[in-house]
Amino acid sequence: MGIELFEYDYLLRSVLAAILGSITAGIAGTYIVSRRLVFLSGGITHASFGGIGLGYFLGLNPVIGAALFGMASAAGIEYLSGRQEVKEDSAIGFLWAFGMALGIIFIYLTPGYTPDLMSYLFGSILTITNSDLIALAILSVVLIIFFLFYYRTILYISFDEGFARTFSRRVTFFKYLLIVLVSLVIVMNIRIAGVVLVLSLLTIPPNIAILFTGSYYKMIIVSVVIGLVGTLMGLAASWYLDIPTGATVIFTLVLLWVLSRIIVNIGRKNRRRRLLLNQ
Amino acid sequence: MTHLFEVSDVSASYNGNLVLEKVSFKVREKDFVGIIGPNGGGKTTLLKVILGLIKPVKGKVVFNKDVLDYSNIGYLPQVSESDITFPVSVRDVVLSGLMHKKGVAARMTRRDFKIADEVIEKLGIMKLRNARLSEMSGGELQRVYLGRALVASPKLLLLDEPGNFVDSSFEQNFYDMLKEVNNIITILMVSHDVGTISAYVKSFACVNKSLHYHDSEKITNEQLKGYGCPIQLIAHGDVPHTVLKNH
């Protein structure tokens, strides 16, 4: 009975996806925002579209193709940026377009109709499957354990890589591991917000969180909570207004960001006024 | 006199260029060595070789194993790669100095926090403990990084141009602090400001691809020329061309 409910209630599934998506996006998002890897993550996102196309072409699950492309491009960019032969932003730009081009070619070559292509481009939280949820759940657990266990190392590599190298010879290994995890988070969240919108799912919550806290782990927690609030509000709004979910979620998050900025600015002004009055 | 470590016939390259050639010198315990030399002369590379961050193409650095290993070297890099808008507290930055001893899966204990707070207190930045880095001045930040280098009670302190970001009002204070630290810790300090540091260091090492160790805090322009160390001295005191202790 319970299983049946889980299987048929797509609303329950989307709420679960929202929770797990927010956890993964909050953790990975804090990492990429604080290390300024947002553009790089954009490259990974779009490169993974090539994998989606390949998945369709080979008749595999597109998510698997996307995950392979995402991880490979993540490792590739990290490798290229470690050497100074190629400008990193140019490399990302190439990969960005190349992945999209590959995806389009593969999908064009795939015989027949590709019905849910739009859901990969713009997301479709309502059509999320149980296996998507299981993958998201495993990823959440891996991320939480990894970040709990190596919190200090991740924090210090992000803050000052040069110094981190003085205490660990495994900095490069950690960077690879982290960017591969980020790519998996992006790919799994493509189901929720789509290739075009997924990056905001990772970047907006940490950018709201950093307005309120100057600590890394609090930023992660606040990002997860804000992501969850934004996703659930967006989900509800899209349900009642009958508009696309992914876009509504992103719209809601941007709204939350604007609101937070206003609140923080008013708070600052008031503090200044109080300070002036006290003098 | 025991030596803390010895650099033996080291040649090292940076970005494909040979910047150190056949460098040999010994550093005795509690020495305070001012490392001087022209830009690109290999000063920073020398520190990185000692730290094990750059592998020499030839030669080696030998530690006196009874006293020194990688985990008790404190390091203050020249240009910190750190991003001051990063969400990290002063205390967390200082605590990162303990990572070598604690390993990658480090858990900071209450005792570690106490140690960090003691260092922060000693450096006079206790009231900034919870400030964001972006709200601090260059001198305050430099103290935070010095705290990071000192928190693990190192036996050796490597400082790369620590005076660069320090405002002049704090400069003397900063060097006095180093002098006190030097009572128990050996210091190697890269600096371009020979005049100022000569009041604090005990010896000089001139690095310009090769290295000349000069076991005195007094050094003259002529000696520098002889060492192949083309830097300009600004004379302090009455004796021209000679840098003396402040008197």
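**View 1. B:Phe5 and B:Phe63 face each other across a strand pair.** In this predicted model, B:Phe5 stands opposite B:Phe63, a residue of strand E4 of chain B. Strand E1 (residues 3-14) of chain B and strand E4 (residues 58-63) of chain B are joined by five bridges and run antiparallel. Strands pair here if DSSP finds at least two bridges between them, and the elements themselves are DSSP runs numbered from the N terminus (helices: H or I, at least four residues; strands: E, at least two). A handy reminder while you look: in a regular strand, side chains alternate between the two faces of the sheet.

Two notes on reading all the views: residues are numbered from 1 along each chain as its sequence is written, while chains are lettered from A and ligands numbered from 1 in the order in which they are written. Because the model is predicted, local features need pLDDT of at least 70 and side-chain atom pairs count only at pLDDT 80 or more, whereas totals for chains, interfaces and linings use all residues.

**View 2. A hairpin links E1(B) and E2(B).** Turn to the other partner of E1(B): strand E2 (residues 17-28) of chain B runs antiparallel to E1(B), with eight bridges between them. B:Glu6 has B:Lys26 as its bridge partner in E2(B). Two residues lie between the strands of this hairpin, and B:Asn15 takes a positive phi near 55 degrees.

**View 3. Six strands of chain B form an open sheet.** The strand order is E5-E6-E7-E3-E8-E9, and the pairing is mixed. Strands E5 (73-76) and E9 (210-214) of chain B stand at the edges with a single partner strand each, so one side of each has no neighbour in the sheet. On average, neighbouring strands are turned by 15 degrees against each other, direction ignored. Within the sheet, E6 (residues 156-160) and E7 (residues 186-190) of chain B pair in the parallel sense over five bridges; B:Leu159 has B:Met189 in E7(B) as its bridge partner.

**View 4. Two helices of chain B pack on the sheet.** Helix H1 (residues 43-51) of chain B touches E3 (32-36), E5, E6, E7 and E8 (203-208) of chain B, and its direction makes about 150 degrees with that of E6(B). Helix H5 (residues 138-150) of chain B touches E5 and E6 of chain B, at about 165 degrees to the direction of E5(B). Contacts are between residues whose C-beta atoms, placed from the backbone, lie within 7 Å; angles run from 0 to 180 degrees between N-to-C directions, with axes fitted to C-alpha atoms, for helices over the stretch in contact.

**View 5. H2(A) packs against H7(A).** Helix H2 (residues 10-34) of chain A meets H7(A) at an angle of about 30 degrees, with the axes 9 Å apart. That makes the two helices roughly parallel (angles under 35 degrees count as such). Among the residues in contact are A:Leu16 and A:Leu20 of H2(A), and A:Leu136 and A:Leu143 of H7(A).

**View 6. Chain A meets chain B.** The contact takes 24 residues from chain A and 21 residues from chain B. On the chain A side, helices H8 (151-159), H9 (161-167) and H11 (216-241) of chain A each supply at least two residues. For confidence, the model scores ipTM 0.84 and pTM 0.87. The mean pLDDT (the predictor's confidence in each residue, from 0 to 100) is 89 for chain A and 84 for chain B.

How values were computed: Angles under 35 degrees count as roughly parallel, over 145 as roughly antiparallel, 65 to 115 as roughly perpendicular and the rest as oblique.
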